[in-house]
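Dear colleague,

I am handing over to you the structure shown below. My findings follow it, arranged by topic for a reader who has not worked with it before.

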Amino acid sequence: MTVTITAFERSPDGGQGLARDTRVRWALEEVGQPYDVRLVSFQAMKEPAHLALHPFGQIPTFEEDGLALFETGAIVLHLAQSRAGLLPDDAKARARAITWIFAALNTVEPPILELFTAKILESDMPWTKERMPLVQDRIRDRMKQLAARLGDADWLDGDFSAGDLMMVSVILRLRSSGILNEYPNLAAYVARGEARAAYKRAFAAQAAINTRA
Ligand code: GTB
């Protein structure tokens, strides 16, 4: 069956791989699932055809054999549960790996998104400068806790899993702020994720679209 995902016609990040189709591409590459990409403009995302797939008018979406999904957590979890390679066989280890997907999205990503909201959407607000250290320190709280849990392990719970894929995808966004490098074991964790052949293929595929002339 053909898998089709959606991605920005041209990502505002110019190919840095920060838009969320990259994590879905990465999961597809990890499980060896070929896929097609339908590129959508910002305008098309808000039109009925795309809203039927994604009620919030965003990318990415996932379609296969009559199934349409949105939300990267749901898409990555679906891929991990329907193909081998991203979740352990042992039921308890599997549940723990899934826990890390939720932790990445529900506990670690929200303060990181706050930083980008503050920097991009609220940059000209009179209170933004004053608020910024607070926003950054909320991220540091989470990073410190995550760094303590990871310790000197390669991955969060045994072998690389969908939980690591999601966590790496979430925290790599902090690199440009300098905060990631304050936690050397987390910076090394991200580097290990990015060194995976599947990540490199995913990154290259989105870069080919977002850096074209
Ligand atoms: N919770 C959803 C999920 O995980 O799938 C969030 C999806 C989402 O935020 N999609 C964004 C989108 O479609 C693209 S990834 N935005 C358009 C809109 O809402 O109108 C977020 C993103 C966008 C751009 C950059 N960048 O340029 O650096 C990084 C991340």
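Does Phe-56 count as buried or exposed? Phe-56 counts as exposed, at 54% relative accessibility. Please bear in mind throughout that the model is predicted.

The overall division

The chain is divided into two parts: domain 1 covers 3–85 + 198–211, and domain 2 covers 91–196. Their centres, taken over C-alpha atoms, are separated by 21 Å. To the contact between them, domain 1 gives 15 residues and domain 2 gives 19 residues.

Aromatic pairs

Seven aromatic pairs are found when the whole structure is searched. I describe two of them here. In one, Trp-26 and Phe-160 have ring centres 5.8 Å apart and ring planes at 35°, so the pair is tilted. Trp-26 belongs to helix 1 (residues 21–30), while Phe-160 sits in the loop between helix 6 (128–150) and helix 7 (162–171); the pair therefore ties together parts that are 134 residues apart in sequence. Trp-26 is buried, because its relative accessible area is 0% and the limit for that class is under 20%. Phe-160 also counts as buried, with a relative accessibility of 9%.

The other pair is formed by Phe-56 and Phe-70. Their ring centres are 6.1 Å apart and their planes stand at 75°, so this pair is edge-to-face. Phe-56 is in the loop between helix 3 (48–51) and strand 3 (61–64), and Phe-70 is in strand 4 (residues 67–70), so the parts tied together are 14 residues apart in sequence. Whereas Phe-56 is exposed, Phe-70 is partly exposed, with a relative accessible area of 28%.

Trp-26 and Phe-160 also belong to one aromatic cluster, together with Trp-155, Tyr-189, Tyr-199 and Phe-203.

Helix 5 (residues 91–121) consists of 31 residues. From its first C-alpha to its last, helix 5 reaches 42 Å, which is close to the 45 Å expected at 1.5 Å a residue. Helix 5 has a kink of about 50° at Glu-109, shortly before the proline Pro-110.

Two charged residues lie over the face of Phe-116. Lys-119 is there at 5.9 Å from the ring centre, and Arg-173 is there at 4.3 Å from the ring centre.

Two residues and their surroundings

Thr-4 is placed in strand 1 (residues 3–8). Its relative accessible area is 16%, so Thr-4 is buried. Not counting residues up to four places away in sequence, Thr-4 touches Asp-36, Arg-38, Thr-61, Phe-62 and Glu-63.

His-78 is found in helix 4 (residues 72–82). With a relative accessible area of 22%, His-78 is partly exposed. Once its neighbours within four places in sequence are left aside, His-78 is in contact with Phe-62, Glu-64, Leu-67, Leu-69 and Arg-83. The C-alpha atoms of His-78 and Glu-30 are separated by 13 Å, and the two residues are 48 residues apart along the chain.

Backbone details

Most residues other than glycine have a negative phi, and most peptide bonds are trans.

The peptide bond from Ile-59 to Pro-60 is cis, with omega near 0°. Pro-60 is in the loop between helix 3 and strand 3.

Asp-65 is not a glycine, yet its phi is positive, near 50°. Asp-65 is located in the loop between strand 3 and strand 4 and counts as exposed at 57% relative accessibility.

Glu-71, which is likewise not a glycine, has a positive phi of about 75°. This residue lies in the loop between strand 4 and helix 4. Glu-71 is partly exposed, and its relative accessible area is 41%.

With kind regards

Conventions: Residues numbered from 1 in each chain as written. Predicted model: local features only at pLDDT ≥ 70, side-chain atom pairs only at ≥ 80, totals over all residues. Heavy atoms only, no water. Helix = DSSP H or I, 4+ residues; strand = E, 2+ residues; numbered from the N terminus. Buried < 20%, exposed > 50% of the residue type's maximum accessible area, 1.4 Å probe, protein only. Contact = heavy atoms within 4.5 Å. Expected span 1.5 Å × (residues − 1). Bend = angle between axes of the 7 residues up to and from the residue. Phe/Tyr/Trp six-rings, centres within 6.5 Å; stacked < 30°, edge-to-face > 60°. Lys NZ or Arg CZ within 6 Å of the ring centre and 35° of its normal. Domains from an automatic or database assignment.
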